[in-house]
Amino acid sequence: MTDAAASSSRRRMEAVRRHLLPRPPPVLSLNQLSAPEAGQSPVIIGGMVLDIHAKPSVPPHPGTTVPGMVKYIGGGVARNIAECMAKLGTQPLMISAIGDDMAGNFLLKYWKLAGLCTDGILQVPDITTPVVSNVFDGNGELFAGVASVQAVETFLTPSWIYQFYRRISTAPLLMLDANLSPESLQAACKVAYESGVPVLFEPVSVVKSSRIAPIAEHITCTSPNEIELIAMANALSTPGKYNFVKLEQCNNKAESVDYLFEMLSPAMIFLLEKGIKLLLVTLGSNGVFICCREHVNFMKDQKRCKVTPFSTQLLEKLEGCSLSSMPVNLSREGSSRTCVFHLPATSASVVSLTGAGDCLVGGFLSSLCGGLDIMQSVAVGIAVAKASVESEANIPANFSAASIAGLSHESLSASLFCGIGY
């Protein structure tokens, strides 16, 4: 037998052995890369996922394959938000778990090439990295998909999160996605609460959005879409109490926004009563509702923020552009009045919609960390989301401060004050 044949035979036997014999317990290891100093960086905890995007060149048909394009793209709500923030000049610490496999190595290599810190990324041998396979229609809308993200719940544990206690406790903000187990969500919230760090909860999906129920009192802000908002409200009250019926075939934006406000305001007000201070309800092409008390302060300690060159440009271009003409004062002490605002989306040439919501949150958080106020930050998020919608990737390769500022100004100028409640 030749050396090549012997080597091939050994590889086959090794493959059979791996499938037949029980696997040893995994050895958990921390990826080694030089770490920045503790503190001052926002912390993002959640899923790093390999997205497989399949976009057919003809309408998809059940039961058969169709021609098209298939791409591997870095995904996961938390990962997307962290990458977006980094490209906007805010360097976050990402805490997540991946496998030591093709998908995990793909994600890790991309993270390192981007110059991002990998200290919080746990790479576990012999597990499958979270993967989501999506099939889109010709308009960029999701047609069908399958998600396998169990590794996040299994290995992104409270004990792993506690290893970054100091980084979390000195961060300007903490973002959690609902891929975390309930125990890990509570552990992260405990650290943040003890240190006065504001927490944003990203609901990820309708099913996982209910994970907010045990931690709602510790959540500063959350960013659901319409149906996630309803699911969250029902998880904190009597199931079925809140409902949402989608308005079909309405081409009048003003009528659509009025309808959405009427349908969603009871659930929004209820969530504020449960202790959440700020709601960003994403409405797709209809923009965003911002719901909060008249006195709301997301960033309690501005000294923890780092003003970046990108945020400096935005601050200069958006100076004086806010909602000062509105009949409310968001810094008014002692007020318990509820305010709802609407910021419209900007028109876009849709390529893919999968990263838009994550980019909106990433733009919002990066802007807050850079010193912009809440309304300006949401407007920046909307502008960043437009860039994502017009890109094949979940997160565009780069962003133009001038373009983002111009679109943000446009959104703020068209903003609407929906009303005040008590």
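This is a predicted model: local features need pLDDT of at least 70, side-chain atom pairs count only at pLDDT 80 or more; totals for chains, interfaces and linings use all residues.
Trainee: Where does Ser415 lie in the chain?

Mentor: Ser415 sits in the loop that runs between helix H14 (401-413) and strand S15 (416-421).

Trainee: And is Ser415 buried or exposed?

Mentor: Ser415 counts as buried, because its relative accessibility is 14% and the cut-off for buried is under 20%.

Trainee: Switching to helix H9, how many of its residues are buried?

Mentor: Eight of the ten residues of H9, which spans residues 226-235, are buried, so the helix is largely enclosed by the rest of the structure. Among the buried residues are Glu226 and Glu228, along with Leu229, Ile230 and Met232.

Trainee: Which contact is found at the start of H9?

Mentor: There, a side-chain oxygen of Asn225 reaches to within 3.3 Å of the backbone nitrogen of Ile227.

Trainee: Now the surface: which residues make the nonpolar patch?

Mentor: Tyr72, Met102 and Phe106 make a nonpolar surface patch of about 300 Å².

Trainee: Where is Tyr72, and how does its accessibility count?

Mentor: Tyr72 belongs to strand S4, residues 68-75, and with a relative accessibility of 45% Tyr72 counts as partly exposed, because that class lies between the 20% and 50% cut-offs.

Definitions and conventions:
Residues are numbered from 1 along each chain as its sequence is written. Side-chain values use heavy atoms; hydrogens and water are left out. Buried means under 20% relative accessible area, exposed over 50%, partly exposed in between (1.4 Å probe, protein chains only). Helices (H or I, at least four residues) and strands (E, at least two) are DSSP runs, numbered from the N terminus. A polar contact is a pair of N or O atoms within 3.5 Å; within protein, one must be able to donate a hydrogen and the other to accept it, and residues adjacent in sequence count only if both atoms are side-chain atoms. Patches are made of residues with over 30% relative accessible area and no salt bridge: like charges are joined within 9 Å, nonpolar side chains (Val, Leu, Ile, Met, Phe, Trp, Tyr) within 5 Å. Accessible areas come from the Shrake-Rupley method with a 1.4 Å probe; for residues, only the protein chains shown count as cover. A salt bridge is a side-chain nitrogen of Lys or Arg within 4 Å of a carboxyl oxygen of Asp or Glu.
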